[in-house]
Structure formats: structure tokens, C-alpha cells
Amino acid sequence: MGPLPRTVELFYDVLSPYSWLAFEILCRYKNIWNVNLQLCPSLIAGILKDSGNQPPAMLPRKAVYMKEDIKRLGHHLQVPIHFPKDFFSTILGKGSLTAMRFLTTVKLEHPEMLEKVSRELWMRVWSRAAEKAGMSTGQARGLLERVSTPEVKNQLKETTEAACKYGAFGLPITVAHLDDKTHMLFGSDRMELLAHLLGEKWMGPVPPAVNARL
């Protein structure tokens, strides 16, 4: 019997494009490395407020850089990510509270579907996300009716607070629990370092054993 899997938590928000990149890499490696990947839907607005940080896209030069950076990274990591034209009005304006409550509800009710539904939300197909992830219309409707319940609100709040306690100042963060030590890594570009901490082999963002095309 081999060693028990190490727990790796990914705290993410669908408002964060870099969260999607980290999500896909970790999902590719979850069955290659000896890890137990825990997906943790969080609220980036709460983390930014708690840490006194601001969204990077609020700085004009950084927003211009992000647009090209995400385009390059999406191509390199084989993730179909595009910087939306209406980013400021639609994305930043509306926020992600409802989306993250929805994912929290999915985690509570149908945890086996959380990965697929999260991915569909990132793909900006909100109206068809649950259906495309294999969820019936009735199931999706039932989950949507629960997004404003105290249980869901409290769960999302607790998960966001947990990220803050780990020291988060933005998302994504990956938290590895190793030998009674906790390692918090920020961003989507720390996966090679994560492999080093885990004592696992890093084979690039698209490991050969995985067909990463989405």
C-alpha cells in the first residue's frame, strides 16, 4: 500500500481568468500526482476587500498587459480563454456572487459535478452551464433556488474566510498540506514549485498522458 494522497486545495472564482488556468492544470495532474484535489469556490471580492487589494485590471496598463498575457497563456496552456470585450461593464460590474453561490450549491449537493460546472461557467455559457455539464433542467433549477439560502451563503463565506486565513490577497491560491505544514502558493504559474513541494514530477502544463483540449 502506497503513501496516502496529499491534500491540495484550489481556491478560485470564475471572475479570475488565472483561476481557470490553475484549475485546468491541477485537474490534469490530479490523477497523475498522488494528491486529493479539493475545489474550493470562493469570492474574490471578499478576499480583495479583506486584504486591501484591488483587481489588477483596474490599472489601465495592467489591463492592457493582462489582455495579451491571457491570450498567450491560453494558447500555451491549451485553454480556450479570451479576454471579453465587455470586461469592465459585464464582468467587473456584475461581479461573481451569484455564480460562486451557485458553485457552492453544486459542491454541497452534487460535488461530483463541480469540476464540469465550474469549467462551463468559465466558458461563459451561464444559461447552458448546468445542462452541458450533464445536469438535468430540474436539478439546475433546484440548485438555483438554493443560491440565496443561509446554508449556501454561510458556506461561501466560510470558504472565502479560509482563503483569507491562509494569507490570500487575490485568486487563485493553491494550498498544499504536507507533513503538518501548509504551503500557500498564489497564481497559476506556481505549479512547477508545487510539484517540487509534493516531490512529484512536473511534465509541463499539458502532461503527455492527458488530452488537454477542451
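Tutor: This is a predicted model. Start with Tyr-12: beyond its neighbours within four places in sequence, Tyr-12 is in contact with Ser-19, Leu-39, Cys-40, Pro-41, Ser-42, Met-100, Leu-103, Leu-114, Ser-118, Trp-122 and Leu-171.

Student: Which residues have the most contacts inside the largest nonpolar core?
Tutor: They are Leu-10, Tyr-12, Leu-103, Val-106 and Leu-194, in a core of 48 residues.

Student: And what gives the most to this core?
Tutor: Helix 1 does, with nine residues.

Student: What lies apart from it?
Tutor: Another core, of twelve residues, including Phe-11, Leu-15, Cys-40 and Cys-164. In soluble globular proteins, nonpolar side chains tend to be buried together.

Student: Changing topic. What does UniProt list for "active site"?
Tutor: The UniProt entry, which is unreviewed, lists Ser-16 under that heading.

Student: Where is Ser-16 found?
Tutor: Ser-16 sits in the loop between strand 1 (6-12) and helix 1 (17-29).

Student: Is Ser-16 buried or exposed?
Tutor: Ser-16 is buried, with a relative accessible area of 5%. Leaving aside its neighbours within four places in sequence, Ser-16 is in contact with Ile-44, Trp-122, Leu-171 and Pro-172. Trp-122 and Leu-171 are also among the contacts of Tyr-12.

Student: Now helix 10. Which of its residues are buried?
Tutor: In helix 10, residues 191-198, the buried ones are Met-191, Leu-194, Ala-195 and Leu-198. They cover an arc of only 100° around the axis, so they lie on the same side of helix 10.

Student: Why would residues three or four places apart point the same way?
Tutor: Because an α-helix has 3.6 residues a turn.

Student: Which residues are exposed on the other side of helix 10?
Tutor: Glu-192 and His-196.

Student: What covers the buried residues of helix 10?
Tutor: The cover includes strand 1, helix 1, strand 2 (35-41), strand 3 (173-178) and strand 4 (181-186). One of the buried residues of helix 10 is Leu-194, which is listed with those that have the most contacts inside the largest nonpolar core.

Student: Which residue follows helix 10?
Tutor: Gly-199 comes next, and its phi is positive, near 75°.

Methods
Residues numbered from 1 in each chain as written. Predicted model: local features only at pLDDT ≥ 70, side-chain atom pairs only at ≥ 80, totals over all residues. Heavy atoms only, no water. UniProt positions renumbered as here; feature names shortened; annotations may be inferred. Helix = DSSP H or I, 4+ residues; strand = E, 2+ residues; numbered from the N terminus. Buried < 20%, exposed > 50% of the residue type's maximum accessible area, 1.4 Å probe, protein only. Contact = heavy atoms within 4.5 Å. Arc of directions from axis to C-beta. Core = buried A, V, L, I, M, F, W, Y, C linked by side-chain atoms within 4.5 Å.
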